Amino acid sequence: MNSPEDVRQRLDAVDYLVDDGLAMAVFLALRLGKPLLLEGEPGVGKTAAAKALAAALATDFIRLQCYEGLTAGEALYEWNYQRQLLAIRLAEARQEKIGDADLFTAEFLQERPILRAVRHEGSTPPVLLIDEIDRADDEFEALLFEFLGEAAITVPELGTFTAVRPPIVVLTSNRSRDLHDALRRRCLYHWIEFPSPSFAAEIVRRSVPGASAPLIRGATEFIGRARGLELDKAPGLAETIDWVSALTALGVTDLVAADVVSTIGTIAKTPDDRIAVSRLATEEPS
């Protein structure tokens with residue numbers, strides 16, 4: 001991708017719309033070979049950005065979903081203990097000696113997402129998504145420093161694997177906790193804002209092509225008003241798309257209050273939010 005405008009066009013071709021800020025952030029991450037940290041409210045399209053980038057580049061997409069308690073063995077690599085045990089038993093049956101040097105070889109190494117991205121052999125580097133890094137423990141972040149800074153992973157028994165073509169790394173965070181400064185320093189950064197109603201409408205139109213224009217306009221405008229309430233969980237783009245999909249499946253072509261109330265579970269996810277959004281809907285003219 002040769003410019004921010006090229007980024008915009010290539011992502012547009014795979015139905016992912018970006019504003020100037022995100023187009024510039026992606027372009028610089030690609031040009032400088034730096035990881036890109038995307039933050040924003042849940043449902044604004046952070047994960048979709050990484051998927052769309054892989055599609056636009058026609059390259060492999062590798063995802064690491066983070067969660068509390070995530071370990072190096074699940075994210076980087078681990079040893080295939082079952083195969084190692086089988087090798088030991090076969091050696092014993094043949095009355096052969098087998099040592100650690102025979103067991104800790106590449107043959108018994110199981111790649112997890114990060115090492116798989118480092119050892120990727122395609123002509124185009126893969127896109128590695130480290131999704132919701134804020135859900136992992138602080139200690140897990142430290143495991144990423146070597147990889148984020150050098151595109152390398154060290155396996156003590158085998159040495160250091162360094163990517164021939166460093167993967168394109170996208171990290172996402174919903175800011176459920178503060179990330180370590182050392183991780184932030186290794187990344188470029190962009191905050192994805194919730195789009196304006198007109199921009200959101202275009203995104204929904206592409207995601208739900210069967211929806212009518214009046215329905216999309218009414219739904220995105222209503223979501224914009226709902227997000228102005230003091231909700232426990234403000235609806236994002238993901239909820240908006242789900243909502244319009246549900247309404248379209250019901251044959252709705254123009255939004256009215258009764259439709260909002262009957263499908264409220266797609267956009268309001270707590271009891272208090274259901275009450276607040278229902279009240280907003282009944283205050284709106286049908």
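Contact here means heavy atoms within 4.5 Å. With that in hand, welcome to a tour of this structure in close-up views. This is a predicted model, with residues numbered from 1 along each chain as its sequence is written, where local features need pLDDT of at least 70, side-chain atom pairs count only at pLDDT 80 or more, and totals for chains, interfaces and linings use all residues. Side-chain values use heavy atoms, with hydrogens and water left out.

**View 1. The whole protein chain.** Among contacts in the protein chain between residues at least 6 apart in sequence, 73% join residues at least 24 apart. The protein chain holds 14 helices and nine strands; helices (H or I, at least four residues) and strands (E, at least two) are DSSP runs, numbered from the N terminus. Its C-alpha atoms fill a box of roughly 85 × 45 × 35 Å, taken along the principal axes. Of the 286 residues, 45% count as buried; buried means under 20% relative accessible area, exposed over 50%, and partly exposed in between (1.4 Å probe, protein chains only).

**View 2. Confidence along the protein chain.** The predictor's confidence in each residue is its pLDDT, from 0 to 100. The protein chain averages a pLDDT of 91, and 99% of the residues score at least 70. Confidence is lowest in helix α6 (residues 100–103), at a mean of 72, and highest in strand β5 (residues 127–131), at 98.

**View 3. The largest nonpolar core.** A nonpolar core is a set of buried Ala, Val, Leu, Ile, Met, Phe, Trp, Tyr and Cys residues joined through side-chain atoms within 4.5 Å. The largest one has 37 residues, and those touching the most other members are Ile114, Ile130, Phe140, Phe147, Ile153 and Leu183. Elements giving two or more residues to this core include β2 (61–65), α7 (113–118), β5 and β8 (168–173). Helix α8 gives the most to this core, with five residues. A second, separate core of 26 residues has Tyr16, Ala23, Val26 and Ala29 among its members.

**View 4. Alanine 75 and its surroundings.** Alanine 75 has its place in helix α4 (residues 72–75). With a relative accessible area of 0%, alanine 75 is buried. Not counting residues up to four places away in sequence, alanine 75 touches Leu64, Leu70, Arg112, Pro113, Ile114, Leu115 and Phe140. From alanine 75 to phenylalanine 108 is 33 residues in sequence and 17 Å in space, C-alpha to C-alpha.

**View 5. Two alanines with positive phi.** Alanine 58 is found in the loop between α3 (46–57) and β2. Its phi is near 55 degrees, a positive value in a residue other than glycine. At 71% relative accessibility, alanine 58 counts as exposed. Now turn to alanine 151, in the loop between α8 and β6. Phi of alanine 151 is near 55 degrees, again a positive value in a residue other than glycine. Alanine 151 is buried, with a relative accessible area of 11%.

**View 6. The buried face of helix α10.** In helix α10 (residues 197–207), the buried residues are Ala200, Ala201, Ile203 and Val204. Seen down the axis of α10, they fall within an arc of 165 degrees, so they line one face of the helix; the arc is that of the directions from the helix axis to the C-beta atoms. These buried residues pack against α11 (213–226) and α12 (237–249).

**View 7. An aromatic pair.** The structure holds one aromatic pair. The rings of phenylalanine 222 and tryptophan 243 have centres 5.7 Å apart and planes at 55 degrees, so the pair is tilted. Rings of Phe, Tyr and Trp (its six-membered ring) pair if their centres lie within 6.5 Å; planes under 30 degrees apart count as stacked, over 60 as edge-to-face and the rest as tilted. Phenylalanine 222 counts as buried at 2% relative accessibility, and tryptophan 243 counts as buried at 0%.

**View 8. Alanine 226 at helix α11.** Alanine 226 is found in helix α11. This alanine 226 is buried, with a relative accessible area of 0%. Alanine 226 and valine 277 are 51 residues apart in sequence and 6.5 Å apart in space, C-alpha to C-alpha.
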